[in-house]
Amino acid sequence: MNMSKLPLGDWVDSLVDWITVTFAALFSFFTNVIDGLLNIIVEVLSVGPPVVLIIVLALLVGYTSRWPLGIFTVISLLLVDNLGYWESTIQTLAIVLVSGFFIILLGIPIGIWCAQNKTVQKIVTPILDFMQTMPAFVYLIPSILFFGIGVVPGIVASFIFAIAPAIRMTNLGIQEVPKDLIEASDAFGSTSSQKLLKVQLPLATPTILAGVNQSIMLALSMVVTASLVGAPGLGADVYRAVSQINVGQGFEAGLSIVFIAIILDRITQNIRKPAYERFVSRKIVLSIVAILIVVAALFNVFTKEDAVKGTGSEIGAQTDYKIIGIEPGAGLMAQAKNAMKDYKLENWTLVEGSSAAMVAELKKAYAKKEPIIITGWSPHWMFASFDLKYLDDPNKVFGGAEGINTIVRKGLKDDAPGAYKILDQFSWDTSDMEKVMVDISGGTNPTEAAEKWIKANTDKIAKWTNGAQAGKGEEIKLVYVAWDTEIASTNVIAKVLEQNGYKVTLSQVEVGPMFAGVANGSVDAMVAAWLPSTHKDYYASYKKDLVDLGPNLEGTKNGIVVPKYVDIDSIEDLK
Ligand code: PBE
């Protein structure tokens, strides 16, 4: 049967576009609220030196879950601080607390409503199933469009992913209240709100809290995912470690997440029946915590003056001192960090995320003619779609023009001489690559865009395949990073290899794993090594296990990019 594909994805795209435009004001309101709340929490948590918070948390954990766990809290958090993950930990805690706050705020009432109204329950249950099983990554995509890059889309995605248990367990807890108790309270003539507040909720509390506990754990499990769209904290540390294959850092940051999980889990699990309730009542402890929070917040308000960012530039104030970056492992990011040091941009932050998120943010700002600063590179279709300019780099931190090399594993020449030859002869211009990129950005899928370019450039292909013996269905594994440039080149060379008798598989990974994969021979080749400067660190660490076939393209450039309507010309103007 030959039925054309349902344009479901297109419909969702249009819907999301429509929502983005129509509710722009509402979204920016939410963004400000969530961001504001998060900042307050971060400030409150970091009001004193780390020990202060460590002691408070240890006392709280000890009180709810006995002293050994209190001691564990002290030791584990001191370790986290010692390893240098304190700031990230605060960020992560704040993210989880904000998600948790909204989960409780909405989850419990919705759960109650479900328990009281069968129709509502029938509608909500499948929605919850959907929310829980849809891969959490998927929520990030519209979240970026609605809320921009940074911590807010991460919190929103965590919230959607994590709210289900709170709703379900509230519903369950209330429904499980024994019928005879309900009947008794009806018999005494209590109103439904009396029944709810005096009978149902108190009896359902253990179940409800179990749900909240699960929701908070789920929210914590989202922090790594959230870092893909720029949420800071331990998740970002883990993501960075993956993208640079830094085993040690990955372990340290991961361990810190485990500690936070244990601490949050014990507090939320035991807060209803604290271990030492007979010594100090729960009311007193909760009041002390509340007072501490208020004191910390007030303290903050009074000391805030000095925290205002430097003297500051105008453009800094307009962009919140943010440079929108891409994948943390990208060479461009290392260069941007060097540039920030070199040009003394101390009060600026480089937001880590992904190339796709960066472009989404650029699109959004561009549509509203708002100032935005990004890390950019060419060739890239964004220069064709938007009026952009590179900021001058008088100190030459971003290096000059360079090229993209093809690199293959040792032994490929003997195992698949034909493929090796094609890869070796693969070479094109920036204008070729741009054509493919523009098609892809316009919605053509990468394979088709590659085919189209190949059909139109048979002379070039003839040169690449000249003298190469045809394959007999051998498998060639190509590896790449989802940068627009590499999506284009990798798909083109993959198609050419396929047309010459090879079975090609593509794997998309982070930059560190890309180099490591070719070096350890688990994949055959990549056409994505930006040299001599961008990837020099990766190249240096894996060089001895790689076969470098030289550039397949020359004349690339990296730098800090702004739309032309932004009134600065040099990185120095950011100061
Ligand atoms: N980039 C830009 C790669 C190479 C230059 C994103 C395509 C990187 O920064 O690692």
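The questions and answers below go through surface patches, ring pairs, salt bridges and backbone features of one predicted model.

Because the model is predicted, local features need pLDDT of at least 70 and side-chain atom pairs count only at pLDDT 80 or more, while totals for chains, interfaces and linings use all residues. Residues are numbered from 1 along each chain as its sequence is written, and side-chain values use heavy atoms, with hydrogens and water left out.

Reader: Which elements give two or more residues to the nonpolar patch, and which of them gives the most?
Author: Patches are made of residues with over 30% relative accessible area and no salt bridge, nonpolar side chains (Val, Leu, Ile, Met, Phe, Trp, Tyr) being joined within 5 Å and like charges within 9 Å. Leu15, Trp18, Phe23, Leu26, Phe29, Phe30 and Val33 make up the nonpolar patch, with about 670 Å² of accessible area together, where areas come from the Shrake-Rupley method with a 1.4 Å probe and only the protein chains shown count as cover for residues. Helices (H or I, at least four residues) and strands (E, at least two) are DSSP runs numbered from the N terminus. The elements that give two or more residues are helix H1 (8-22) and helix H2 (24-45), and the one that gives the most, with four residues, is H2.

Reader: Is Phe30 buried, partly exposed or exposed?
Author: Phe30 is found in helix H2. Buried means under 20% relative accessible area and exposed over 50%, with partly exposed in between (1.4 Å probe, protein chains only). Because its relative accessible area is 37%, Phe30 is partly exposed.

Reader: Which residues gather in the patch of negative charge, and how accessible is Glu314?
Author: Asp and Glu count as negative and Lys and Arg as positive, with His and the chain ends not counted, and a charge is placed at NZ of Lys, CZ of Arg, CG of Asp or CD of Glu. The residues of the surface patch are Glu314, Asp392, Asp567, Glu572 and Asp573. Glu314 has its place in helix H15 (residues 314-319), and it counts as exposed because its relative accessibility is 64%.

Reader: How many aromatic pairs are there, and how many residues apart in sequence are the parts that Tyr366 and Tyr565 tie together?
Author: Rings of Phe, Tyr and Trp (its six-membered ring) pair if their centres lie within 6.5 Å, and planes under 30 degrees apart count as stacked, over 60 as edge-to-face and the rest as tilted; by this rule the count comes to 20 aromatic pairs. Tyr366 and Tyr565 form a tilted pair, 5.7 Å centre to centre with 50° between the planes. Tyr366 lies in helix H17 (residues 355-367) and Tyr565 in the segment after strand S9 (546-563), so the parts that the pair ties together are apart in sequence by 199 residues.

Reader: What is the geometry of the pair formed by Trp428 and Trp464?
Author: Trp428 lies in the loop between helix H20 (417-425) and helix H21 (430-441), and Trp464 in helix H23 (residues 458-465), 36 residues apart. Trp428 and Trp464 are both buried. The rings are 6.4 Å apart centre to centre, with 90° between the planes, and the pair is edge-to-face.

Reader: How far apart are the closest N and O atoms of Arg409 and Asp415?
Author: A salt bridge is a side-chain nitrogen of Lys or Arg within 4 Å of a carboxyl oxygen of Asp or Glu, and the whole structure holds 17 of them. Arg409 counts as buried because its relative accessibility is 15%, whereas Asp415, at 46%, counts as partly exposed. The closest N and O atoms of Arg409 and Asp415 in their salt bridge are apart by 3.0 Å.

Reader: What is the phi of Arg66?
Author: Arg66 is found in the loop between helix H3 (50-65) and helix H4 (67-83), and it is partly exposed because its relative accessible area is 44%. Its phi is a positive value in a residue other than glycine, near 80°.
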